[in-house]
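Subject: Structure handover and notes

Dear colleague,

I am passing on the structure that I mentioned, and below it you will find my notes on what turned up in it. Please read them with the structure open beside you.

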Amino acid sequence: MPIGVFARCTGLTASALRFYADSGLLPPAEVDPGSGYRYYGADQVERATALRGLRELAMPLTAVEAVLGAGAGDAARLIDEHVAKVLGDAEAVREKAASVKSSLTHEPSVPVAVLRGPVLADAIEQVLTAAVREPGMPVLGALRVEATTEAVTLTATDRYRLATRTLVPVEAAAASWAATVDGDELRAAAGEIRRSAAVRIEATPHACLLRTADRGDLHCRLLADEYPDHRSMLAALPGPTTRAAVSKDLLLRVLEDRLGERITLRITRDSLTVQAAEVDRTGATGATGAPLPAATTLTATTTGRDLEISFEPTTLYPAVSTAVGPDVLLDLRGPGRPVTIRSADRGDLTTLVMPVAPDHPA
């Protein structure tokens, strides 16, 4: 086929095809000796498409040639090695950029608090389960950090869940500080934080610095966007009218079998029932392949009114799974109101979950 037709089939421009031909990566099947016009075969489309994809990964020509000439296993390994290098280079550039921005402000970093590394890493990973990447709203993928002279509170929300954990610092700052920190960069830093006995948090106008004694400094970008006013929402919540404490593992097991369907929790005296939505459940099976019952009743310690309330399992499940300890406590305020989920024996990690109406569209 002529070079123009081949270009349209592969997504490569004619000039790119001439470049790859001259470099030996994709020579044409035939060249007209009189006009010099280049022709390609249909069997070259796959190689050309792969070449385009590899170049879109910013892979140099020598690496592209090695991948195209390798077997499937070696090709995958070479691609993974290239991606790891690109990500490592990007991380180094990001940290250097944060350092340069800090130096341009001519302002020293402000001490915020000192926290135990493993505890901080756990808190970051637990709370960020309530974050989400949403175009146009980067704060929903971020972590809100609020430090006072007594505690450091981490908060994340995707508007349907809100997770918060309060940590007692080893050393507290002399003044209050609050900022919204990039969630992806904190996730990436969590591994290093976990390996550090103590982490000193310092702040600049553009970054949160996580200083460790033996693993260097980590820079996480601060977001300028306004964070949702979660404090006012929390302050306006009424007290619970129903409370249920139930085994975390048993509740998770039931929810795992029902992640594809909306469920209703029915809380009555001494029990919590997970009821399937009123839909056609023909053929519904659990993890073992056995048919699922329409409802599963778990023993629970309950107080207050009987209540039925519905959730999307993909919203409810993460809140239950991140609770600490063998039992989970649900504070319920009635249909349509946020439910607070926390450990029955430890209240420093809590998650608020929004229910849905039983007939709410998926």
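Alanine 58 counts as exposed, because its relative accessibility is 57% and the cut-off for that class is over 50%. Please keep in mind here and throughout that this is a predicted model. The residue sits in the loop between α3 (45–56) and α4 (61–68), and although alanine 58 is not a glycine, it has a positive phi of about 60 degrees. Arginine 159 is another residue other than glycine with a positive phi, in this case near 85 degrees. Its place is in the loop between β5 (152–157) and β6 (161–167), and at 46% relative accessibility arginine 159 counts as partly exposed.

If residues up to four places away in sequence are not counted, leucine 120 touches Leu115, Leu154, Leu167, Ile193, Val199 and Ile201.

A search of the whole structure for cavities of 30 Å³ or more finds 1, and the space that lies in the largest cavity is about 80 Å³. Its lining is made up of Leu120, Ile124, Leu143, Val145, Leu154, Val181, Leu186, Ile201, Cys208 and Leu210, and at least two of the lining residues are supplied by each of α6, β4 (143–147) and β10 (207–212). By type, the lining of the largest cavity divides into 10 nonpolar residues, with no polar and no charged ones.

The largest pocket has a volume of about 210 Å³. It is lined by 10 residues, and those closest to its centre are Tyr160, Glu312, Thr315, Met354 and Val356. The lining of this pocket is divided into 4 nonpolar, 3 polar and 3 charged residues.

Tryptophan 177 lies in strand β8 (residues 177–181), and with a relative accessible area of 18% it is buried, since the cut-off for that class is under 20%. Leaving aside neighbours within four places in sequence, tryptophan 177 is in contact with Val112, Val145, Glu146, Ala147, Ala203 and Leu222. The C-alpha atoms of tryptophan 177 and alanine 113 are separated by 9.7 Å, while the two residues are 64 residues apart along the chain.

Finally, the structure holds 3 aromatic pairs. One of them joins phenylalanine 19 and tyrosine 20 in an edge-to-face arrangement, with 5.6 Å centre to centre and 65 degrees between the planes. Within that pair, phenylalanine 19 is partly exposed at a relative accessible area of 42%, whereas tyrosine 20 counts as buried at 7% relative accessibility. Tyrosine 37 and tyrosine 39 also form an edge-to-face pair, 5.6 Å centre to centre and with 65 degrees between the planes. Here tyrosine 37 counts as partly exposed at 39% relative accessibility, and tyrosine 39 is partly exposed with a relative accessible area of 30%.

With best wishes

Note on methods: Residues numbered from 1 in each chain as written. Predicted model: local features only at pLDDT ≥ 70, side-chain atom pairs only at ≥ 80, totals over all residues. Heavy atoms only, no water. Phe/Tyr/Trp six-rings, centres within 6.5 Å; stacked < 30°, edge-to-face > 60°. Buried < 20%, exposed > 50% of the residue type's maximum accessible area, 1.4 Å probe, protein only. 1 Å grid on protein atoms, 1.4 Å probe; cavity = no way out; pocket = protein on both sides within 12 Å on 5 of 7 lines; lining within 4 Å. Points joined across faces, edges and corners; volume = space filled by probe spheres on them. Nonpolar A, V, L, I, M, F, W, Y, C, P; charged D, E, K, R; others polar. Contact = heavy atoms within 4.5 Å. Helix = DSSP H or I, 4+ residues; strand = E, 2+ residues; numbered from the N terminus.
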